[in-house]
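Q: Could you take me through one part of this protein up close? I'd like to see what the inside looks like and which residues meet there.

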Amino acid sequence: MPVESPVITGYYRWTDIWFEWARVLPEEDRSPVKAILAHDSLVHPDHPLHVEGVKGVQMYIGTFPTGEARLLFSSAQVDYIRYWLHAMRLTKDIIPLPYSDCLLTESNLKTVSPVTYPDGGALRSASKMIERNNKRLKGSNPLVQHRRDVFERVRTFWAAKRGAWCALDFEAWERDHTVLTEFGWSAVKWKDGEKIESRGHLLVDEARKYTNSQWVPDYRYNYNFGESEIVKRTTFKQRIQDLVASLADCGPVFLVFHDNSQDIKDLKKLEVNLTGLSHVLPDTNPEEGLFVIDTSDLIGALLGEGEGDKRSLARTCALLQIPTQFLHNAGNDAHYTFAAMQAMADGDPVDIQRDKRWPNQTTAGVKVELKPWQEDSDYSDEEGIMPPPRPGMSMPANFGSVNEAASL
């Protein structure tokens with residue numbers, strides 16, 4: 001029996017498909033191919049590549065080891081176009097695939113993430129924007145590129161709707177951080193295609209006498225998203241162990257933190273099973289495993305900042321226009337950490353999202369030059385740029401609340 005060749009799937013550069021593919025086809029096949037790949041055609045709801053529930057066209061952005069990005073079609077999309085054109089009798093035969101050197105496999109790419117363009121104009125500008133950002137990235141800080149890679153992997157894994165994602169946070173006594181006072185979590189699990197959400201807030205009964213006030217506010221009784229539970233220290237430990245263990249019943253587990261170092265120390269102190277915990281996300285969506293995601297790295301990727309630059313949860317939420325209240329409550333902090341992760345993971349690829357959030361504020365490289373009032377929620381007319389609000393006038397959406405300012 002003849003040996004069958006393995007089927008290789010991957011991605012094709014948009015420029016190769018749009019500009020080069022038709023040129024090498026027989027003359028009678030060129031017009032149908034160019035027509036089906038035209039910008040306004042691709043985004044039409046009747047297009048064969050249309051995805052139900054998606055406005056416009058879904059394509060992909062892939063990044064290479066150099067950090068450069070390219071707009072891509074999947075090989076499945078290209079294959080489907082070939083068969084559709086023939087089924088509609090627009091081509092006499094099934095047209096051949098682009099030459100094999102055009103095919104990019106996952107081994108060629110560091111990350112691949114979906115991107116949607118709602119109309120032809122957005123698709124037209126995509127290639128120019130990607131090329132512009134590729135030029136900006138040349139010679140950039142490797143730590144910035146690392147964060148950008150993490151950002152795109154988080155987007156890709158979140159879009160797959162698999163496994164468990166859980167934001168965790170601890171609060172401790174300000175005079176002795178070994179005295180844990182609170183724990184909060186906010187989680188999403190996907191099991192058999194169903195989204196299961198949970199959240200909660202635990203208070204340590206024996207630690208209620210240890211209150212904060214000198215360096216951080218004490219908002220332990222101000223949980224915004226349900227009823228707090230007061231439990232004994234032994235129960236507190238067991239509940240957290242059970243929670244983390246229960247996450248692994250539906251695939252990979254992504255533990256989400258904002259600046260993770262202290263929270264992971266606290267988990268280990270409580271003897272939570274963190275076997276195999278990895279701070280490095282895999283190249284492709286994992287089937288299992290335990291991974292750390294840090295929203296301080298995700299916001300750093302959006303802002304084009306190196307690994308040494310970290311912003312508080314309050315500033316991160318303010319920059320993402322997520323309203324917050326009573327930060328430094330462990331349950332609230334877990335909720336807002338998850339909300340920040342989801343806001344970035346649900347959004348566009350890093351460069352598109354950055355330009356949408358802070359238009360015309362990208363300077364040298366991919367770094368965002370924030371305005372003074374974006375950097376500091378206490379900014380006033382003393383700096384001569386923006387006056388304070390008049391009585392009864394609401395603050396702009398990207399300003400922090402009184403509680404946010406207290407947490408800076």
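A: Let's start with a word we'll need: two residues "touch", or are in contact, when heavy atoms of theirs lie within 4.5 Å. Keep in mind too that this is a predicted model.

Now the part itself, the largest nonpolar core. It has 36 residues, and the ones touching the most other members are Val154, Trp165, Ile293 and Met341. The top giver is α11, with six residues.

Zoom in on Met341. Leaving out residues up to four places away in sequence, Met341 touches Val154, Trp158, Trp165, Val256, Ile293, Thr295 and Leu298. Elsewhere there's a second, separate core of 32 residues, which includes Ile17, Val78, Ile95 and Leu123.

Here's another spot to look at: Ser278, which sits in strand β10 (residues 277-278). Again skipping residues up to four places away in sequence, Ser278 touches Leu290, Phe291 and Val292. A polar atom of the Ser278 side chain also lies 2.9 Å from the backbone oxygen of Val280.

Okay, zoom back out. The whole protein has 14 helices and 11 strands, and 50% of its 408 residues count as buried. Among contacts between residues at least 6 apart in sequence, 69% join residues at least 24 apart.

Terms used
Residues numbered from 1 in each chain as written. Predicted model: local features only at pLDDT ≥ 70, side-chain atom pairs only at ≥ 80, totals over all residues. Heavy atoms only, no water. Helix = DSSP H or I, 4+ residues; strand = E, 2+ residues; numbered from the N terminus. Buried < 20%, exposed > 50% of the residue type's maximum accessible area, 1.4 Å probe, protein only. Core = buried A, V, L, I, M, F, W, Y, C linked by side-chain atoms within 4.5 Å. Polar contact = N/O pair within 3.5 Å; in protein donor to acceptor, adjacent residues only side chain to side chain.
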